[in-house]
Amino acid sequence: NTITVVPDTLVNGKHKLPAHTITLFESDGSAALDMWRAEYKAISQGITGSKPAIASGVTQPAVAATPLTVLANAITDKKAGIGRLMVAFGVNDSTPIAEQMAAATLMRDLAVKWNKAVVQAQITAKEKSLDKATGKQESAQADAAKLDKKSVKANNDLKKIKAKQGKIQ
């Protein structure tokens with residue numbers, strides 16, 4: 001899929017801020033917001049709210065030298081199987097920053113990183129499933145080998161019994 005950053009707006013109360021929307025393919029809005037929270041929890045003083053979630057005191061040197069307020073909201077498109085994350089960067093929760101190009105570049109980098117994380121999670125799940133199936137196959141082969149040995153032994157016992165029966169008759 002093509003990863004793009006789409007200019008958008010995010011509403012916080014009565015304030016509209018310019019935002020950047022990214023898409024997480026084969027995911028949903030909840031997972032997208034969780035990834036954003038995990039990323040911004042480490043570089044902010046705290047995250048509050050949910051629609052939009054607001055990270056305050058964010059140190060983001062790629063965007064601005066001063067601490068920022070970053071707002072995020074996510075939506076899910078179930079039919080397309082995607083999550084969209086809208087992120088706005090501001091001086092505070094009502095004033096946008098001037099460096100919108102730097103913010104767009106950062107959002108593209110985050111979109112790449114988070115889409116890779118989604119794919120890696122899918123790969124890990126498939127590998128786990130494959131390992132489980134391989135283990136079951138090996139177990140079935142071992143059981144088949146045991147049954148083959150038992151069958152050979154039973155056939156040998158049957159031959160001995162028939163030989164004894166022939167002598168007795």
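**A walk across the sheet**

Mentor: Happy to! Strand S1 (residues 6–12) runs antiparallel to S2, and 7 bridges join the two. Strands here are DSSP runs of E with at least two residues, helices are runs of H or I with at least four, and both are numbered from the N terminus. Two strands count as paired if DSSP finds at least two bridges between them. Keep in mind that this is a predicted model, in which local features need pLDDT of at least 70, side-chain atom pairs count only at pLDDT 80 or more, and totals for chains, interfaces and linings use all residues. Residues are numbered from 1 along each chain as its sequence is written, while side-chain values use heavy atoms, with hydrogens and water left out.

Back to our hairpin: 2 residues lie between S1 and S2, and Gly13 takes a positive phi near 65°. Pro7 has His20 of S2 as its bridge partner. Follow His20 onward and you reach Val87, its bridge partner in S6. S2 and S6 are also antiparallel, joined by 7 bridges. As for cover, 8 of the 11 residues of S2 are buried, meaning under 20% relative accessible area with a 1.4 Å probe and protein chains only (exposed is over 50%, partly exposed in between).

Now step further. S5 and S6 pair in the antiparallel sense over 9 bridges, and Ala72 stands opposite Val87 in S6. Put together, the open sheet has 6 strands in the order S1-S2-S6-S5-S4-S3, with antiparallel pairing. S1 and S3 stand at the edges with a single partner strand each, so one side of each has no neighbour in the sheet. From one strand to the next, the twist averages 30°.

Two helices rest on this sheet. H1 packs on it, touching S2, S3, S4, S5 and S6, and its direction makes about 160° with that of S5. H2 packs on it too, touching S2 and S6, with a direction about 30° from that of S2. Contact means heavy atoms within 4.5 Å; axes are lines fitted to C-alpha atoms, for helices over the stretch in contact, and angles run from 0 to 180 degrees between N-to-C directions.

Finally, look at H1 itself. Its buried residues are Gly29, Ala32, Leu33, Met35, Trp36 and Tyr40.
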